[in-house]
Amino acid sequence: MKLALNKDQTIGDFREQFNQLFPRLSIQLFTQPHGVGEGSPAAEKVDESRKLAEWLTDSGHENVEVDGSMSVAELEAELEKHGLHAQVFRKSGNLWLETTRTDSWSLEKVNNETY
């Protein structure tokens, strides 16, 4: 599976693309990076109407290989290489929770976990 990184995409478009791969997960972008197991302050969340061009450090027409077996931390680190400070969230009931405690889990496991 691939996530396309295109400078013309909005953050919302990128989020939708990710959500199609993992329906119970969401991805948010932030203005500052975070460490493994750390959360990101809500005040640093980037509005989804903004373009990826503001953060991408490469050509802007890249693909990130995503496999359900990769961990949340691995995905976030891969996106960080492209200049995107990402945080994965999982759906729990009606809430979206940061995956800080499950950063070492695979995307597939977090996506399929029921709470």
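# A walk through a predicted protein chain

Gln-9 is buried, because its relative accessible area is 12% and the cut-off for buried is under 20%. Gln-9 belongs to the loop between strand 1 (2-6) and helix 1. Setting aside residues up to four places away in sequence, Gln-9 touches Ala-4, Phe-14, Gln-17, Arg-50, Lys-51 and Leu-52.

The next residue to look at is Thr-10, which is also placed in the loop between strand 1 and helix 1. Is Thr-10 buried or exposed? Its relative accessibility is 18%, so Thr-10 counts as buried, given that the limit is under 20%. When neighbours within four places in sequence are left out, the contacts of Thr-10 are Glu-48, Ser-49, Arg-50, Lys-51 and Leu-52.

Taken along the principal axes, the C-alpha atoms fill a box of roughly 40 × 30 × 25 Å.

How much of the chain is buried? Buried residues make up 44% of the 115 residues. The chain exposes about 6,100 Å², and carbon and sulfur atoms supply 46% of that area. Contacts can also be sorted by separation along the sequence. Of the contacts between residues at least 6 apart in sequence, 69% join residues at least 24 apart.

The confidence of the prediction should be kept in view. The average pLDDT of the chain is 86, and 96% of the residues score at least 70. Which elements have the lowest and the highest mean pLDDT? Strand 3 (residues 61-65) has the lowest, at 80, and helix 1 (residues 11-21) has the highest, at 93. Where pLDDT is low, the predicted coordinates should not be read in detail.

Lys-2 has a relative accessible area of 48%, so it is partly exposed. Apart from neighbours within four places in sequence, Lys-2 is in contact with Gln-17, Leu-21, Asn-63, Val-64 and Glu-65. Lys-2 and Phe-18 are 16 residues apart in sequence, and their C-alpha atoms are 9.2 Å apart in space.

Helix 1 comes next. Its buried residues are Ile-11, Gly-12, Phe-14, Gln-17 and Phe-18. Which elements do these buried residues pack against? Their packing partners are strand 1, strand 2 (25-30), helix 2, strand 4 and helix 3 (107-112).

Helix 2 (residues 72-81) has its own set of buried residues, namely Val-72, Ala-73, Leu-75, Glu-76 and Leu-79. They cover an arc of only 160° around the axis, which means that they lie on the same side of helix 2. One of these buried residues is Leu-79, with a relative accessible area of 0%. Not counting residues up to four places away in sequence, Leu-79 touches Leu-5, Phe-14, Ile-27, Val-64, Leu-84 and Ala-86. Leu-79 and Leu-3 are 76 residues apart in sequence, yet 9.9 Å apart in space from C-alpha to C-alpha. Just after helix 2, Gly-83 takes a positive phi of about 95°.

The last stop is a pair of strands. Strand 4 (residues 85-92) and strand 5 (residues 95-98) pair in the antiparallel sense over four bridges. Which residue of strand 5 is the bridge partner of Phe-89? That partner is Glu-98. Strand 4 and strand 5 form a hairpin with two residues between the strands, and in this hairpin Gly-93 takes a positive phi near 65°.

How values were computed: Residues are numbered from 1 along each chain as its sequence is written. This is a predicted model: local features need pLDDT of at least 70, side-chain atom pairs count only at pLDDT 80 or more; totals for chains, interfaces and linings use all residues. Side-chain values use heavy atoms; hydrogens and water are left out. pLDDT is the predictor's confidence in each residue, from 0 to 100. Buried means under 20% relative accessible area, exposed over 50%, partly exposed in between (1.4 Å probe, protein chains only). Contact means heavy atoms within 4.5 Å. Two strands pair if DSSP finds at least two bridges between them. Accessible areas come from the Shrake-Rupley method with a 1.4 Å probe; for residues, only the protein chains shown count as cover. The arc is that of the directions from the helix axis to the C-beta atoms.
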